[in-house]
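Me: I would be grateful for a close look at a single part of this structure. Please set out in connected form how that part is paired with its neighbours.

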Amino acid sequence: SKREIKMRKLDSTKVRPLKSEQLLHIEDHDFALRPGFGGSPIPVGIDVQVESIDSISEVDMDFTMTLYLRHYWKDERLSFRSNKNKSMTFDGRLIKKIWVPDVFFVHSKRSFIHDTTVENIMLRVYPDGNVLFSLRITVSAMCFMDFSRFPLDTQNCSLELESYAYNEDDLMLYWKHGNKSLSTDEHISLSQFFIEEFSASSGLAFYSSTGWYNRLFINFALRRHIFFFVLQSYFPAMLMVMLSWVSFWIDRRAVPARVSLGITTVLTMSTIMTGVSASMPQVSYIKAVDVYLWISFLFVFLSVIEYAAVNYLTTIEERKQLKKRGKASGMYSMDAVQAMAFDGCFHDTDEDMDLSPFPEPCEENETRASQTNISNADTPRLKRKRSLKGNVGRIILRNNHVIDTYSRIIFPSVYIVFNFFYWGLYI
C-alpha cells in the first residue's frame, strides 16, 4: 500500500547498497562461508614483494620486514557481467563484506597494515570471479639465531605464512608462481649484514587440536659484515696484547713502569669484553668472539704474572749475592746495576761505587766535581756520561732476567699461532 511505501522511505536504518555491491550481488550471498563450501579445498595463491628489511636485532632475536602480500583466489559469487571484460578495483571498505583468506604470520611479534594516507589495501575483482587482494604490511617476527660463530656467523631467518582457521581440507595455500613468487627490491641493504639469498618454500604444519595446515616460508640468509667488529673488538684486543709485551723490554727493576703497564692492559681488555657482551643476548654458550677476547685477556694476564715471577726471582738472587759478599764495615756493597737503580747514574766499574747503602745523588756528585776545578775533559765521570748512550741498552739486555728473554720469543710466537688457528677455523 501507499502507507507502507511511505514508511519505508522514512525508515533511516535501511541503507541502500552501493552500485558496486549491487553489481557483485553481495546482498544475495552469505560471505561468511568460504567459496565452494562443502567441496574440495579452495586454492589460494600467494606472491610477495619484499620492500625492505628494516632491522635485525640480535638482543631480541627478531627482524622487521616491510612487504607487499598478494592473494589470488576465485569466488564465483563475485562474478559479474562486463561488455569490455574489465576488472573492478576497490579499496579496503569492501573487504569487510566479502570472504577473504585469513592468512597470518607465524612467530610474529608485531605487525600492522600501513594506513597513510588511507589503508594500503587493494581489492581487484575480475568478471569471471577471480580476485586479487593486496596488502602493504610491516611485520616483526622471531628469528632463531645461533651465535656460536659470532661475529663470523651467517644467520638463516624465515617469515612463515599460514591460514589461521582453515586447515588443508578447506584451504590450499601455495606459491602462485613457484620460486618466482618471491621478489625483492634491488636496493635492499643492511648496516651489519650482506643478504646472500632469498628463497620461497612450502610445507605442512600439524596442530593436535585442529589438524594439518599449509605453510609457506620466505627464507633469507644473512652474512655479517666482519670489518666493523675487526675495528671495534679484534684490532684493539691485538694492540693490548702487543702492548703488554713491551714490559719484557723494560728493566726488571723498574717496578712502577712494568706494574702500571700490566694493570692498564688488563683493565682495557676487561672494558673491551664488557662492551661486546653488552650488545649481545645473554646466551649460555661460548661465542667465537668470546674465545678470541678471553685468550687475548689470558695473554695480557700472563704478562703480569710473568713480571711477578721475574721480580720474585730477582729479589732472591740479590739476597744471595749480598750474603756471599758479606758485610764491609757493617754496610753492604752494591754492583753497578744496583747502584744505577738507586741513584739513576751509570757506573762503569765497582771502583766508582760507594760502599754506603744509598749513594749520593748524581746531581750532588756533579756539583762536588765542579767545585774541585778539575777540567771536564779529564774527569772519568764525563767519560762515563759520553759512553752512557751506547751502554745503557747493553746493560739492560745483560741484566734482564732469563724469563724475560724467553718471553720475548714465546709470547709473540704462541699468539701468532693462535691467530692462524682461530681465523682458519672460523672463516
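Reply: In this predicted model, valine 48 stands opposite leucine 182 in strand 10. That pairing belongs to strand 1, which runs alongside strand 10 (residues 182–184) in the parallel sense over three bridges.

Strand 1, spanning residues 42–57, also pairs with strand 9 (residues 171–175), and here five bridges join the two in the parallel sense. Within strand 9, tryptophan 175 is the bridge partner of isoleucine 46.

With strand 2 (residues 62–74), strand 1 pairs in the antiparallel sense, over eleven bridges. Arginine 70 of strand 2 is the residue opposite aspartate 47. Strand 1 and strand 2 form a hairpin with four residues between the strands, and methionine 61 in this hairpin adopts a positive phi near 55°.

Helix 4 (residues 255–278) packs against helix 5 (residues 288–325) at an angle of about 165°, the axes being 10 Å apart. Because of that angle, helix 4 is roughly antiparallel to helix 5. The crossing of helix 4 and helix 5 is left-handed. Among the residues that meet are Val259, Val266, Met269 and Met273 from helix 4, and Leu293, Phe297, Phe301 and Tyr307 from helix 5. By class, the contact of helix 4 with helix 5 comprises 15 nonpolar, five polar and two charged residues.

Notes
Residues numbered from 1 in each chain as written. Predicted model: local features only at pLDDT ≥ 70, side-chain atom pairs only at ≥ 80, totals over all residues. Heavy atoms only, no water. Pairing = 2+ DSSP bridges. Axes fitted to C-alpha atoms, helices over the stretch in contact; angles between N-to-C directions. Parallel < 35°, antiparallel > 145°, perpendicular 65-115°, else oblique. Left-handed = near helix turned anticlockwise from the far one by under 90°. Contact = heavy atoms within 4.5 Å. Nonpolar A, V, L, I, M, F, W, Y, C, P; charged D, E, K, R; others polar.
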